[in-house]
Amino acid sequence: MLTSVLSFTPEMAATVTEYCTKHSNDVSDNMKELWDWTVGEFEDADKMSSPLQGATMKFFAELIGAKRILEIGCYSGYSALAWYESTVKTQAEIVTLELDPKMIAASRRTFDKYKLNDRVKIIEGPAQNSIETLTGTFDLIFVDANKDGYETYVKQILDKKLLSPHGLIMCDNIFARGMTISTKSNPYLPDKVRPYWTECGKALTKFNTFCRNDPRIDTILLPVFDGVTLLKWKI
């Protein structure tokens, strides 16, 4: 195999996802419950990480031994729950940023229901403003908010040196449902959301160029989930 991506129909992709999930670490009952609740509660629940991605996030947090985590974009608190569960040993501080009042309310429900408030702090408002208030460093930073803000957020993080020396930045949805690659790459994308993801693809194309050219960092764009970029300080 000379390429890094297998070509799947939506049906086969679902089968592969099920196979990978079955043969990977499982997520907790609390994460399953929250995932099901979010799917039933919000029409755009496809923006939430999948259970397999949740397990992957926990894997990275445990591997790094993260003691401080920042996430930009909280949605219903699913990722925050993943970070919380995976850092019991390190008792990591988790800071999450969210703008949407509806998702802030959903996240606070999650934090209360699963008793996360001792280590999870949500900062409300525009992420660009919130990042400017942050101090210290974070071992793991998860970027999963408005796609046209990715470049600004990562640049702020690097300029303020918020990433620890051996830390990792994970940026989600880099493929924008395929629209970053080509507007013709995903014939299965519903017309209802195609304009939104097309604009996201334009912004993320610019972001990808920024990451590749910034001399301070190393970058790897992985063809997993909806595209995940990993960033670290250049050694």
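## Terms and model

On a 1 Å grid over the protein atoms alone, a pocket is an open set of points where a 1.4 Å probe fits, with protein on both sides within 12 Å along at least five of seven lines, and its lining residues have an atom within 4 Å of a point. A volume is the space filled by probe spheres set on the points, which are joined across faces, edges and corners.

This is a predicted model, in which local features need pLDDT of at least 70 and side-chain atom pairs count only at pLDDT 80 or more, while totals for chains, interfaces and linings use all residues. Residues are numbered from 1 along each chain as its sequence is written, and side-chain values use heavy atoms, with hydrogens and water left out.

The largest pocket has a volume of about 1700 Å³, and among its 40 lining residues Ala13, Thr17, Val224, Phe225 and Asp226 are the closest to its centre. Helix α1 (10-22) is one of the elements that supply at least two residues of this lining, and its six residues form the largest share.

The second largest pocket holds about 580 Å³ of space, and of the 28 residues that line it, Gly73, Glu98, Asp144, Ala145 and Asn146 are the closest to its centre.

## Cysteines

With a disulfide taken as a pair of cysteine sulfur atoms within 2.5 Å, the count comes to zero. Cysteine 171 is in no disulfide, and the nearest cysteine sulfur, that of cysteine 211, is 5.9 Å away.

Cysteine 171 is buried, with a relative accessible area of 0%, whereas cysteine 20 is partly exposed at 31%; buried means under 20%, exposed over 50% and partly exposed in between, for a 1.4 Å probe and protein chains only.

Technical notes. Helices (H or I, at least four residues) and strands (E, at least two) are DSSP runs, numbered from the N terminus.
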